[in-house]
Amino acid sequence: PGSKAIDLKWVYKIKTTAAGDIDRYKARLVVKGFMQREGVDYGEVFAPVSKYPTLRALLALVASQDLVMHQLDIKTAFLNGDIDEEIYVTQPPGYANGGLVCRLHRSLYGLRQAPRAWHMKLAEVLRTIGFTPSAADPSLFISNDKTTFALVYVDDILIAGPDLATVNNTKKRLMTSFEARDLGEAHYFLGMTITRDRSAGTVKLAQDKMIADIIDKYGMTEGKTKSTPLNASVPLTAEGGTMLDTSKEHYSGLVGSLLYLSTCTRPDIAHAVGVLAKYMSAPTTTHWQAAKGVVRYLAGTNDYGIIYGTKTGIDGYCDADYAGDLDTRRSTTGYVFTMNGGAISWSSKRQPTVAASTTEAEYMAAAGAVKEALWVRTLLVDLQLGVQPITIFADNQSAIKLLKNPITSQRSKHIDIVYHFARERVARGEVIFKYIRTNDMIADALTKTVPAHKTDFCRRGMGMG
């Protein structure tokens with residue numbers, strides 16, 4: 001009494017392989033979760049998924065230590081979750097029998113609480129077989145003997161261990177609790193191809209299939225390629241060009257696709273995509289041409305990816321482009337952290353306030369880099385790489401002096417105290433700042449549009465090839 005049955009629907013999807021071939025056809029029964037009432041049909045809904053920097057750091061570890069890495073795909077993962085609420089649903093379309101309804105005892109896809117219920121169930125099973133979650137990323141699980149790692153992204157699990165027997169044993173124990181597809185050695189994860197060269201000791205992460213799909217979707221197969229993502233001679237502003245007819249040209253769709261690329265495997269387009277995303281609500285023809293220019297750049301570099309294992313060690317680079325945003329005159333923060341030769345974490349982001357000087361802009365950029373460095377340190381401890389100060393290279397002497405010394409001057413006394421925590425972390429020895437020439441700054445391409453030779457230099461510095 002008083003309950004309302006929630007409707008169901010069928011969702012169909014064609015699953016493809018990394019090469020684009022049809023793998024299988026899926027039909028999934030989904031709850032119309034938008035009909036649920038908060039506090040009645042659901043409570044807490046948060047469920048973590050692994051961060052992309054964690055995935056890239058794990059791949060760097062796999063390359064450097066020659067670990068075995070396999071992949072599991074849990075079948076109908078959300079159906080394994082237990083729910084506490086009393087929820088009723090209508091009968092599945094095509095399978096109705098009289099005027100009955102169904103009470104759910106397990107979660108279904110579409111339920112607001114389904115992701116949380118599944119994650120809690122999986123975490124419980126992993127704990128019973130000897131895994132604990134990482135302090136840096138709750139979706140990275142580490143075995144009690146600190147030799148095996150399980151990275152979870154909803155229903156996809158990467159398992160890395162010292163040898164095949166250990167990895168197979170972990171898979172076997174998981175598959176006693178869940179029905180799963182054993183995909184063997186990891187080659188395709190979240191739309192990213194993982195290419196391993198055991199003889200060279202490298203692992204490459206790329207998205208060439210997605211790039212090819214974007215080129216084909218927007219009819220640019222025969223277009224000329226470019227050597228840089230954006231044209232430095234054509235600065236983008238809110239008023240540039242006539243308004244774009246978004247009913248014909250899908251600007252937001254293209255920028256959204258580029259954003260996923262820049263987040264996963266293409267730090268070289270991160271700045272360009274950040275600039276284009278600012279105009280999502282009111283794009284002009286100039287912005288549309290610039291977005292297609294990024295696609296032409298990708299067409300010429302579609303086989304590029306991040307390669308881990310070419311070097312050893314962890315380094316950071318941070319930079320700022322003072323007042324580079326022509327619409328707001330805010331500066332842009334850019335940083336990148338590399339591990340074993342490839343980028344694991346990067347950012348290109350407009351600063352929240354206007355900086356009054358280059359020193360202030362660089363100081364604010366350093367604060368952002370320090371925050372990420374502290375998280376990377378925590379992750380390295382969980383990956384059994386020990387605690388060590390992370391070296392961050394910057395190309396502004398004034399900002400470095402401000403970070404190392406409690407200086408108060410006309411140029412720095414107004415800087416918000418929130419950014420001074422970076423100085424405290426430097427004093428503790430958790431991060432080390434060193435000067436580097438602007439010509440050698442790898443993060444330069446994350447703050448502004450740079451010429452072709454600098455684009456190539458930054459790309460190689462981030463381990464792309």
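Two strands are taken to pair if DSSP finds at least two bridges between them. Strands (E, at least two residues) and helices (H or I, at least four) are DSSP runs, numbered from the N terminus. This is a predicted model, in which local features need pLDDT of at least 70 and side-chain atom pairs count only at pLDDT 80 or more, whereas totals for chains, interfaces and linings use all residues. Residues are numbered from 1 along each chain as its sequence is written, and side-chain values use heavy atoms, with hydrogens and water left out.

**Strand β16 and its partners**

Strand β16 covers residues 332-339, and it runs antiparallel to both β15 and β17.

| Partner of β16 | Residues | Bridges | Example of a bridge pair |
|---|---|---|---|
| β15 | 314-321 | eight | A320 with T333 |
| β17 | 342-350 | eight | G334 with S348 |

With β17, β16 forms a hairpin that has two residues between the strands; N340, in the turn, has a positive phi of about 50°. Eight of the eight residues of β16 are buried (under 20% relative accessible area; exposed is over 50%, partly exposed in between; 1.4 Å probe, protein chains only). T332, G334, V336 and T338 point one way from the strand, and T333, Y335, F337 and M339 point the other way.

**Nonpolar cores**

A nonpolar core is a set of buried Ala, Val, Leu, Ile, Met, Phe, Trp, Tyr and Cys residues joined through side-chain atoms within 4.5 Å. The largest has 79 residues, and V336, I392 and F433 have the most contacts inside it. Helix α8 (residues 358-382) supplies the largest share of this core, 14 residues. A second, separate core of 34 residues includes F78, I87, A150 and A180.
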